[in-house]
Each structure stands twice: as C-alpha cells, then as structure tokens.
Amino acid sequence: MQEEFASYTPEMQREVEDFVSELEMECNSAKPINESTPEEIRRAREAGEGRNPPPILSDVAIVREIEAPHGKVPVRAFIPRDEINGVYFHIHGGGWILGGAHHRDPVLVEILEECGAAIISVDYRLAPEYPYPAAQDDCEAVASWIMNNSKDELGTDKIVIGGESAGAHLAVETMLRMRDKHRFTEFSGANLLYGIYDLSMTPSQLLWGERNLMLNTPIIRWFIDHYVPLEKRRDPDVSPLYASLHDLSPALFSVGTLDPLLDDTLFMHSRWFASGNVSSLNVYQGATHGFEVQPTQLAQMVRGKVRRFIAECFQN
C-alpha cells in the first residue's frame, strides 16, 4: 500500500526543493566520487572534509566482535538501560565500499531511546578489498548470532532488520539467506530506505544520467563494479529483485522521487506485496538519496515514521 502524505506539507516540500538546489551546486563543485579512490573518499569522510561533517560518536555505543566461520565480525551495539522491547539489526550504507557502523550513531540513538531497542550495527568488510560475498557473509553471521542469542542475552526474540541504500540491499539478502539456509522467517519487520535491489541496474538507474544529487548513473556503476563482477549481477544472492520473496516480514519501503534508485524501491515493494508479505511504500516528492539525514523537516518526519514502524513491529 502507499501511505497518504497529508503531513508532507507544501512548506516542507519547498524546504526540500531549496535544500536540493544547494546540494546540486555542492555536488557540481566537488570532485565526483567515481573519479577518486575508495581510500581517498574514506579518509575525507572520517576527517569531515567536503560537505559531510565528521562522524558524531555516541558514548553509549559498545564495540564487540561476533564469531563467524571466517573469523570475527565487529559490531557496534547500543543497549537500553531499562526494558528491552526488541532488537534492531542495522546495516549501514555506502555502496558496499564506504561508511561504517559508527557513521549512524545519532539516528541509532534516537531508535534506542524511543523504541527501547537493543541495536546491533554490523561493521561488515568493504569492497574492493573484500568484494562479494564478504559483506553478505558478515551480515549473515551476525544475523545468525542474533537469532541464536537474543533471547538469552537480551531477553527478547523480536528482531527488526534495516538499512539504507546498500545497507537495505544487504538487509534483504540477509533475510533471504536466513530463510533459505537457517530456516528462520521470524524477523518482526524490515526498515528499507532507498535500497538498491537490482545490480544489473533498473531503468531509473540506467536513465538517470550525469545529474549528481549524491548519486548518478556513472557513480552507481562505479560502486557496483567494485562490488561484484558482471556475470553475477542477476544472481538472486546479488540482486534480490530476482529472488523468491515468500515468507518475509512486514516491510517499510521509503524513497524520494529524485533518487536514481527509485525503481528499485517501487519494484521491490510490488514484488514483496505480490509474494504475500505486508508492505508499506512511502515515496517523497522531490527528495534525494539520503534524504532522512538531511537538515529538513521531512527528514525529522521520516525518522519519526521509521521509529514508529520499529516500535509497532516489536509490539506485534
């Protein structure tokens, strides 16, 4: 279903339009991501160079390691001081190349405090040093650990999974692996923000062109090329749009109309719903990739919707 947007007021839409105009000017004046190396971009983002401030780290975060068949996987955890209502398994974005669990502390602390969620955010291995399937293996290992230990260690078996961009892709692939390899279909919900679900590229990815609003067609190709070879890109373990989607949890899909990954969310929502799962779709007019962390009223509203969805999944 498509939710109604009476709360997305004309004033909010004008604010988004103004922000997008500034964003486009900043993107046009900066060196495109696909003309740099992953190492250069990682260093710049950690240092807060360019348009992105340095990561804001929370002093309530706990860093630990989860045992996996291939070694140990680092995770960043946030544990409520009071009652734990459920677990939110978070997977960060960054095109499988950039980012880390510590880049989302402020958003995750909001979920911790409002939802009573024990949060586990996985620091999966990054491409190109560790291409497919390394990131997915790490996410599967942590999901398996949560499945086997959340009741004893955290006192709950309610598990919501979620992520942004490549993190949403990894979240869906993790759900599929847990269903097919571990016979686990008990996720309480999936929070999927502007994910990429077809690495052979959907029409919106291919037709977007050079316009740079954080992403464009060449940048998306650059990310995909670093992650997985051409011949694997329609494998269901790489592109979940081609997978069987039966027996999956309720999902909240969110995307903006000025995102080259728009079709990925539209198509995946439709397939999710048609496969017999509960699915809600929120499409925000004029919003870009990464809109929920931009300095706008829309971003605040969307983060609130996400928190309410997670809390409802815990209650159900």
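Leu 199 is found in the loop between β6 (189-193) and α6 (203-207), where helices (H or I, at least four residues) and strands (E, at least two) are DSSP runs numbered from the N terminus. The model is predicted, and local features need pLDDT of at least 70, side-chain atom pairs count only at pLDDT 80 or more, while totals for chains, interfaces and linings use all residues. Residues are numbered from 1 along each chain as its sequence is written, and side-chain values use heavy atoms, with hydrogens and water left out.

**Around Leu 199**

- Leu 199 counts as buried because its relative accessible area is 1%; buried means under 20% relative accessible area, exposed means over 50%, and partly exposed lies in between (1.4 Å probe, protein chains only).
- Leaving aside neighbours within four places in sequence, Leu 199 is in contact with Trp 96, His 169, Ile 224, Tyr 227, Val 228, Arg 233, Val 238 and Ser 239, where contact means heavy atoms within 4.5 Å.
- Although Leu 199 and Asp 264 are 65 residues apart along the chain, their C-alpha atoms are separated by 9.6 Å.

**The chain as a whole**

- The protein chain contains nine helices and eight strands, and 57% of its 316 residues count as buried.
- For 316 residues, a compact globule would have a radius of gyration near 20 Å, and the 18 Å of the protein chain agrees with this; the radius is taken over C-alpha atoms, and the globule rule is 2.2 Å times the number of residues to the power 0.38.
- Taken along the principal axes, the box filled by the C-alpha atoms of the protein chain is roughly 50 × 45 × 45 Å.
- Among the contacts in the protein chain with a separation of 6 or more, 77% come from residues 24 or more positions apart.
- The accessible surface of the protein chain is about 13600 Å², and 50% of this belongs to carbon and sulfur atoms; the areas come from the Shrake-Rupley method with a 1.4 Å probe, and for residues only the protein chains shown count as cover.

- His 90 lies in strand β3 (residues 86-91), and the residue is buried because its relative accessible area is 0%.
- The side chains of His 90 and Ser 121 are joined by a polar contact of 2.8 Å; a polar contact is a pair of N or O atoms within 3.5 Å, and within protein one must be able to donate a hydrogen and the other to accept it, while residues adjacent in sequence count only if both atoms are side-chain atoms.
- Not counting residues up to four places away in sequence, His 90 touches several residues, including Arg 104, Leu 108, Ile 120 and Gly 162.
- Helix α3 (residues 105-115) has as its buried residues Asp 105, Val 107, Leu 108, Val 109, Ile 111, Leu 112 and Cys 115, and these pack against β2 (71-78), β3, β4 (117-122) and α9 (297-315).
- Just after α3 comes Gly 116, which takes a positive phi of about 65 degrees.

**Two residues of helix α5**

- Arg 177 lies in helix α5 and counts as buried because its relative accessibility is 8%, and its side chain is joined to that of Asp 137 by a polar contact of 2.7 Å.
- Lys 181 lies in helix α5 (residues 166-182) and counts as exposed because its relative accessibility is 54%, and a polar contact of 3.0 Å joins its side chain to that of Glu 140.
- Lys 181 and Arg 42 are 139 residues apart along the chain, and their C-alpha atoms are separated by 33 Å.

**Backbone details**

- Most residues other than glycine have a negative phi, and most peptide bonds are trans.
- The peptide bond from Ala 127 to Pro 128 is cis, with omega near 0 degrees, and Pro 128 lies in the loop between β4 and α4 (134-154).
- The peptide bond from Tyr 132 to Pro 133 is cis, with omega near 10 degrees, and Pro 133 is placed in the loop between β4 and α4.
- Arg 183, in the loop between α5 and β6, has a positive phi near 55 degrees and counts as exposed at 80% relative accessibility.
- Met 214, in the loop between α6 and α7 (217-227), has a positive phi of about 85 degrees although it is not a glycine, and counts as partly exposed at 26% relative accessibility.
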